[in-house]
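Let's take a friendly walk through two spots in a protein model. Have the sequence and the 3D view open as you read.

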Amino acid sequence: MGSVTLIPGVRDADSLRTMFSTALSEMYKKEVPLYDELLSIVAKVDDQIASGPLPARHRIERHGAIRLGTAQEMQTIARLFALLNMHAVDYYDLSLVGFPLHATAFRPLTGEALSRNPFRVFTSLLRLDLLPAETSSLAQQVLGKRKIFSDRLLELLDQAETTGLTNSEQEAELLEEALKIFKWHATAQTSYDFYKQLNSVHPMVADIACFPSAHINHLTPRTLDIDQVQEAMQIHGVPAKDRIEGPPRRRCDILLRQTSFQALEERVHFVDEDGNVTVSHHTARFGEVEQRGAAVTRKGRDLYDTLLEKADSIIESKGTAGHGINDDWQRALQEAFSEFPDTWAELRDQRLVYFRYIPVTAPNAPLLEAEGQALKLSELLDCGLIKYEAITYEDFLPISAAGIFTSNLKGFSNTKRKESKGNRSLLEQALPTKILDSTALYEQLEAESIETCRKALGLLAIQSD
């Protein structure tokens with residue numbers, strides 16, 4: 001799926017996505033000063049350990065997270081993200097950890113778009129069907145009245161999808177109106193008693209239903225070394241989470257590692273129907289940082305899930321389950337993941353990771369004497385005609401996300417896996433588009449790179465090993 005051109009010859013959707021993510025970051029800096037401090041820590045760590053120039057995408061790379069209340073809100077946000085060349089990838093069933101939510105992530109799809117700016121937004125939708133009947137009814141009352149999209153934004157969306165935007169001023173206006181969706185409001189749209197009633201059922205129900213926007217709850221930069229960032233956060237007095245989520249530290253990074261600083265306790269004005277104001281607090285937004293590794297194959301993901309369960313068992317056997325102490329957890333992970341190969345050659349040979357294959361075009365590259373023939377990937381690698389690099393994992397780990405979320409929910413710490421109550425078709429009805437499968441996208445990226453090599457080398461075919 002290619003970029004959507006909003007103004008022919010002026011700016012494409014990938015550029016607009018960068019403008020939007022940059023503006024969002026600037027807004028979040030003002031709202032959450034600790035986020036600005038986190039960016040400084042990440043930049044310092046990366047500058048210290050970088051062995052060469054960082055990829056262009058690295059400095060601007062962010063992911064955000066929002067929570068929506070209705071199918072209509074999800075459908076409209078999907079329209080906005082489509083204009084930024086961001087599309088729904090993967091279904092995340094958060095009922096597995098006791099959250100009345102399910103989610104998808106909006107992100108770019110193609111290698112080119114990802115290299116320009118891989119901005120992604122993890123977008124959750126409230127599952128009213130998983131709530132007690134009374135709570136569901138109360139939530140519907142307020143969600144049916146709230147309006148997180150301005151009339152002007154809806155007008156601009158309609159125009160962009162039909163005739164297109166006509167000038168850069170309209171693009172700027174679109175971004176300005178879109179930012180309002182993500183803005184924090186210190187005045188709730190419900191009374192404090194109403195808020196407490198929903199919050200007692202689940203904090204995320206209150207967070208979604210009681211506020212007039214889909215306030216972004218974190219905006220995450222990427223680092224080269226999350227362990228050093230975690231240590232630097234603690235040194236600088238940033239209230240870091242007590243353990244890093246995801247796989248252990250490795251030579252060959254896989255999937256996603258995340259940590260965060262604690263959610264802010266924010267002052268909120270709750271107004272009842274008579275105009276009486278109650279001032280209290282709400283915890284919603286926090287800081288997060290991530291380290292991204294290679295995208296794993298289905299075989300690799302099965303092995304990852306198995307070893308993660310083994311690490312949990314090791315912790316439980318030592319009597320420290322649930323304490324979340326990072327050193328204990330990392331030791332358990334290291335022990336469990338000793339079974340996961342940790343060289344790129346082994347990962348490729350065992351088909352545990354997806355790779356991008358690149359034709360070698362240097363002047364001293366070996367001459368190919370098999371033009372028009374079919375050769376194996378291993379043969380081409382052995383004779384130095386192609387090389388490979390791991391494809392970056394662009395998506396999320398729901399259990400790791402749950403660990404981050406629950407560590408920032410006051411009085412709620414249940415991350416034990418529960419029986420799935422997922423409903424992918426229900427979320428797709430809200431979009432309404434099919435949710436794409438990330439594994440298929442990684443397979444496509446790998447296959448496209450092999451085809452590029454085939455054409456460059458003039459081969460009839462390149463066979464798998």
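Predicted model: local features only at pLDDT ≥ 70, side-chain atom pairs only at ≥ 80, totals over all residues.

To find His-102, go to strand β5, which covers residues 101-107. Is His-102 buried or exposed? His-102 counts as buried because its relative accessibility is 0%, where the cut-off for buried is under 20%.

Leaving aside neighbours within four places in sequence, His-102 is in contact with Tyr-91, Tyr-92 and Leu-94, with Thr-123, Ser-124, Leu-125 and Arg-127, and with Asn-423, Leu-426 and Leu-427. With Tyr-91 there is also a polar contact, side chain to side chain, at 2.9 Å. Asn-423 is worth a click as well: 321 residues separate Asn-423 from His-102 in sequence, yet their C-alpha atoms are 8.0 Å apart in space.

## The second largest pocket

Now turn to the second largest pocket, which holds about 700 Å³ of space. Its lining is made up of 29 residues, and those nearest the centre are Pro-55, Arg-222, Arg-292, Ala-390 and Thr-392. Two or more lining residues come from each of the helices α3 (56-60), α5 (111-116) and α18 (438-457) and the strands β11 (287-292) and β14 (386-390).

What kinds of residues make up the lining of this pocket? The lining divides into 13 nonpolar, seven polar and nine charged residues. Domain 1 (13-294 + 394-434) and domain 3 (355-390 + 437-464) each give at least three residues to the lining of the second largest pocket.

Conventions
Residues numbered from 1 in each chain as written. Heavy atoms only, no water. Helix = DSSP H or I, 4+ residues; strand = E, 2+ residues; numbered from the N terminus. Buried < 20%, exposed > 50% of the residue type's maximum accessible area, 1.4 Å probe, protein only. Contact = heavy atoms within 4.5 Å. Polar contact = N/O pair within 3.5 Å; in protein donor to acceptor, adjacent residues only side chain to side chain. 1 Å grid on protein atoms, 1.4 Å probe; cavity = no way out; pocket = protein on both sides within 12 Å on 5 of 7 lines; lining within 4 Å. Points joined across faces, edges and corners; volume = space filled by probe spheres on them. Nonpolar A, V, L, I, M, F, W, Y, C, P; charged D, E, K, R; others polar. Domains from an automatic or database assignment.
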